[in-house]
Amino acid sequence: SNPKPMACVQATKAALAKLVQSNVIPPESVRSLAGFSVSGFGVGCYRMGMQQKEALVRALQGGVNVIDTSSTYLAGESESMIGEVLSGPFKQQRNEMVVVTKVGYLQGPLMAEAQLRHTQNRAWPEIVKFHPQAWHCIHPDFIRDQLAASRARLQGAPDIVLLHNPEFFFTAVLGHGSSSGPTPPTEADQNEFYKRLQLAFETLEEAADQGQLSSYGLSTNPDGCRWSCSGLDNIWETTHIERIMAAADAAARAKGRTEHKCKVIQVPCNLLEPESFVGALGVAGKTVFEKAKEHGLDVMTHRPINAIPPPDFHIGDWARRESFIKLRDLRPQPPALALIVSVCRDVLVNHGLPAFYKGGLTDIALHTALSAPVSVALSGARDEQYVDNMLDILSKGPLPEKITAEIFLKVQALMTKSDEF
């Protein structure tokens, strides 16, 4: 079965050149992702199913050409919805669109399937049971099955396939701890993880040879991100870009080639979690973005609006750890969030950029996401308002990188000093 059509480098280039020519987006909003020309924003389809079809269409019509999903988003409905849009209204433009999907999680129906396979003696090997409602697997058999399922739902092959937080392997190791606390992963655990990663990469290299994807990578919280995949301090579950890329090199060699196709890393980045861009306070060394660039990885960021706050941050009157804070305009705005807005506005005004001065927190969060030095900033687009926000900022274009860094650093300093936080 021929899984084409997929994105074509020339087609993406021509499509974005046309958008720039007709003044829909400025040239600075055009980036490169794994060789394709892409819009600086991508649609993150985390909670987008059939009811969000119109919102996706609206975003694509407005000039966004990156769609990010996962085999487990809404139990596959997210991919099915994208498949309908790309084989329906956008059939002619499919080769201008870059579709990113992810593989690794087992939840809901997929978990039930894994349990059934187990009873039938055809279990997927090496399933990592890190949570009662969520498992993980990057074994070649599982990856091949999931790629086939994704292709069927998407009605064609994805362009980029990412392993979805494979470091849950370490979460499971930690979970096997005693009452006295978690068991830190040993060197043997680390070696086992990167061995599995290499075999997963070999499977993805084979899939690329068969035309099932153009390139691959991973969505992960590497060393340099503040929080881990499970929301803990990023100590035990951290991945290392150097070792990831060594695994990709080894995978390519095992397949008898000199160049691997591991091209993309997806990481969190937002105003409350700026570390991947500007580093952690008082920590020297290269940032995640710098390491990625050094190793030839293009960066996608997610969660521009849904931020995991610092430990003492609360926007209510109660002192409890909020798992996510939405960087959106609330009426009335909680003091901590109002403070962030005023700090950001001060930086813009000082640099003579009052054009963006009206923007509230949502605009600032999206604008700084677009302005970070990355290939694509993903943003949810569940309704028309979200889409129009994104398109409006895409048409304005990014802020200068220096100013963006200054905003991130000022907010970071504010959160460290202020009693509000």
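## Leu213 and its surroundings

Leaving out residues up to four places away in sequence, Leu213 touches Met6, Leu147, Pro158, Asp159, Val161, Leu204, Ala207 and Ala208, where contact means heavy atoms within 4.5 Å. This is a predicted model, in which local features need pLDDT of at least 70, side-chain atom pairs count only at pLDDT 80 or more, and totals for chains, interfaces and linings use all residues. Residues are numbered from 1 along each chain as its sequence is written, and side-chain values use heavy atoms, with hydrogens and water left out.

Leu213 sits in the loop between H7 and E10. Helices (H or I, at least four residues) and strands (E, at least two) are DSSP runs, numbered from the N terminus. With a relative accessible area of 3%, Leu213 is buried; buried means under 20% relative accessible area, exposed over 50%, and partly exposed in between (1.4 Å probe, protein chains only). Leu213 and Val99 are 114 residues apart along the chain, and their C-alpha atoms are separated by 9.7 Å.

## Nonpolar cores

A nonpolar core is a set of buried Ala, Val, Leu, Ile, Met, Phe, Trp, Tyr and Cys residues joined through side-chain atoms within 4.5 Å. In soluble globular proteins, nonpolar side chains tend to be buried together. The largest core here has 111 residues, and Leu163, Leu197, Phe201 and Leu271 have the most contacts inside it. Helix H7 (residues 187–209) gives the most to this core, with 8 residues. Another core lies apart from it and has 14 residues, including Ala7, Ala34, Val38 and Val98.

What does Leu197 touch, not counting residues up to four places away in sequence? Its contacts are Ile138, Leu163, Pro166, Leu218, Ile244 and Ala247. Tyr194 lies in helix H7 and is buried, with a relative accessible area of 6%. Beyond its neighbours within four places in sequence, Tyr194 is in contact with Thr239, His240, Arg243, Ile244 and Ala247. Tyr194 and Ala246 are 52 residues apart in sequence, and 8.9 Å separates them in space, C-alpha to C-alpha.

## Helix H8

Helix H8 (residues 241–254) has 14 residues and reaches 20 Å from its first C-alpha to its last, close to the 20 Å expected at 1.5 Å a residue. The expected span of a helix is 1.5 Å times one less than its number of residues.

Buried in H8 are Ile241, Ile244, Met245, Ala247, Ala248, Ala250, Ala251 and Ala252. These buried residues pack against H7, strand E10 (215–219), E11 and helix H10 (288–294). After H8 comes Gly256, with a positive phi near 70°.

## Helix H11

The 16 residues of helix H11 (residues 335–350) should span 22 Å at 1.5 Å a residue, and the end C-alpha atoms are 22 Å apart, which agrees. Which residues of H11 are buried? They are Ala336, Leu337, Ile340, Val341, Val343, Cys344, Val347 and Leu348. These residues lie on the same side of H11 because they cover an arc of only 160° around the axis; the arc is that of the directions from the helix axis to the C-beta atoms.

The buried residues of H11 pack against strand E14 (325–326), helix H12 (361–371) and helix H14 (401–417). The exposed residues Pro335 and Asn350 are on the face turned away from the buried side of H11. Just after H11, Gly352 takes a positive phi of about 65°.

Most residues other than glycine have a negative phi, and most peptide bonds are trans. Asn23, in the loop between helix H1 (9–21) and strand E1 (30–33), has a positive phi near 60°. Asn23 is exposed, with a relative accessible area of 68%. Glu126 is not a glycine, yet its phi is positive, about 55°. Glu126 is found in the loop between helix H4 (108–119) and E7 and is partly exposed, with a relative accessible area of 36%.

Ser71 is in the loop between strand E4 (66–68) and helix H3 (77–87). Is Ser71 buried or exposed? Ser71 is buried, with a relative accessible area of 6%. Not counting residues up to four places away in sequence, Ser71 touches Gly76, Glu79, Thr101, Lys102, Val103, Gln146, Ser150 and Arg153.
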